Amino acid sequence: MDFKAKIEELRAKKKELMASAQSLADEGKVEELNEITDQMEGINNSIKSLERLAQASGQEADPVYDGALRQDGESPKSQKQDDTRPFASLGEQLKAVYNLRRHGIQDRRLQQVNNAVLGNNEGTGAEGGFAIQTDFAGRILESALERNSLLQRLDRYTCSSGANAMRWVAVDETDISSSVFGGVRMFWASEGGTVPATHPKLREIKLDLEKMMGFAYATDEMLEDAVFMSGFYSTAFSLAADELLTGAVIAGDGVGKPLGWLNSSALIAVPKESGQAAGTLVGNNVIKMQARSMPKGRERLVWVMHPDLEEQLPTLSISSGDGSASKFLWDPEGGIRNFDTQRVLGKPVIFDQNCASPGVVGDVMLVDPFQYILLSKGSVKQDWSMHVEFLTDQMCFRVVFRCNGTPKVKSPLTIKNSTKTRSPFVALADRR
């Protein structure tokens, strides 16, 4: 018996059942879902039995290579290896992918990592690429988030390896003038009196994971140095993920990518001042923008601006009541000689090139980042191709990150005794 072919056949059947189970779960068909679950458990048991038989019969088939090249001329395929030893570095794993694709040298650890991370549900190396070892993947994603002062402030969640979507129950409210949580109220009640019943209004937020792909090239010479590959590509993919994800959180359209707050229906655009020059930022702008932010949670507020606006901040001011003096609104930490961290109205300023150009709505925003949900998947998939840059003899590595994001609120809120709405996402209107 060809144990390997039979096992792959069972895994393909399990993948089909998994897709059916997802559809049944969405439709709430519990009985049919239980039947599929029983079938999958039976397939899992069959796979385990076949793997034990294959091991006992000595048909473990393909030669194994652990990524270490011998210096004595002995063929790598003939060496005895420790199959359970994980990859020591990202570079070592990238090199194993290269050796499999270029030379046909199989490193069983690649499939072991796939099995551990993806549960045999998302393809094999030949079909869907290889999962990056969990600790390397987590390091890349975490580095992308932590190196960015905006992304690290978001409300972040990680999806398990077996899931491709997440659901939350959120409060559905647009008016907090007389109730909270969309309808919950308290009353003053006289002795023996009754009060009307109230209840919250809730809505479901569902996020399906979207794909974010990155590409990087390597020459044969670079592939010989696993240490260099680890440091270089970890940094490269982290920076690339940081840049693309930040742009989506700020201005994503929600189509195959996160919905950014600039395109959210909860965004409030504060009008420019009468006679205000094109592309400028003045003191009254920021005063009025802060007045439209939510009254609570202001300790989390940050300014997000295009870097070209930085030169206007030191002169940002408003006139005193009698017009005799100006009050400056810019307050750099460490004083004028050290203003790497700048503040306006006491709130930190984050400069990012993903903001709109000066004068266009979205060039300056006041936001509460924690009111934005960022969902990511702990695994990262990778694959390799020699055909992308065949003429220049370069190898192309591709990684696929799975993530998505959306604002928590869907509309501005009305508060008591006010005709102005408030929001955690406030922008300055167009000034062209």
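Predicted model: local features only at pLDDT ≥ 70, side-chain atom pairs only at ≥ 80, totals over all residues.
Residues are numbered from 1 along each chain as its sequence is written, and side-chain values use heavy atoms, with hydrogens and water left out. Local features need pLDDT of at least 70 and side-chain atom pairs count only at pLDDT 80 or more, whereas totals for chains, interfaces and linings use all residues.

The second largest pocket holds about 680 Å³ of space. A pocket is an open set of points on a 1 Å grid over the protein atoms alone, where a 1.4 Å probe fits, with protein on both sides within 12 Å along at least five of seven lines; lining residues have an atom within 4 Å of a point. The volume is the space filled by probe spheres set on the points, which are joined across faces, edges and corners. Lining is provided by 27 residues, and Glu173, Met294, Gln371, Val409 and Leu413 lie nearest the centre. Two or more lining residues come from each of β2 (155–159), β3 (165–171) and β4 (202–208), strands being DSSP runs of E with at least two residues. The greatest contribution, 4 residues, is that of β3. By class, the lining comprises 16 nonpolar, 2 polar and 9 charged residues.

In strand β18 (residues 425–428), Phe425 and Ala427 point one way and Val426 and Leu428 the other, and all are buried (under 20% relative accessible area, 1.4 Å probe, protein chains only). Strand β18 pairs (at least two DSSP bridges) in the parallel sense with β6 (residues 268–270) over 3 bridges, and Ala269 stands opposite Ala427. Strand β12 (residues 364–367) runs antiparallel to β18, joined by 3 bridges; here Met365 stands opposite Ala427.

Terms used. Nonpolar A, V, L, I, M, F, W, Y, C, P; charged D, E, K, R; others polar. Buried < 20%, exposed > 50% of the residue type's maximum accessible area, 1.4 Å probe, protein only.
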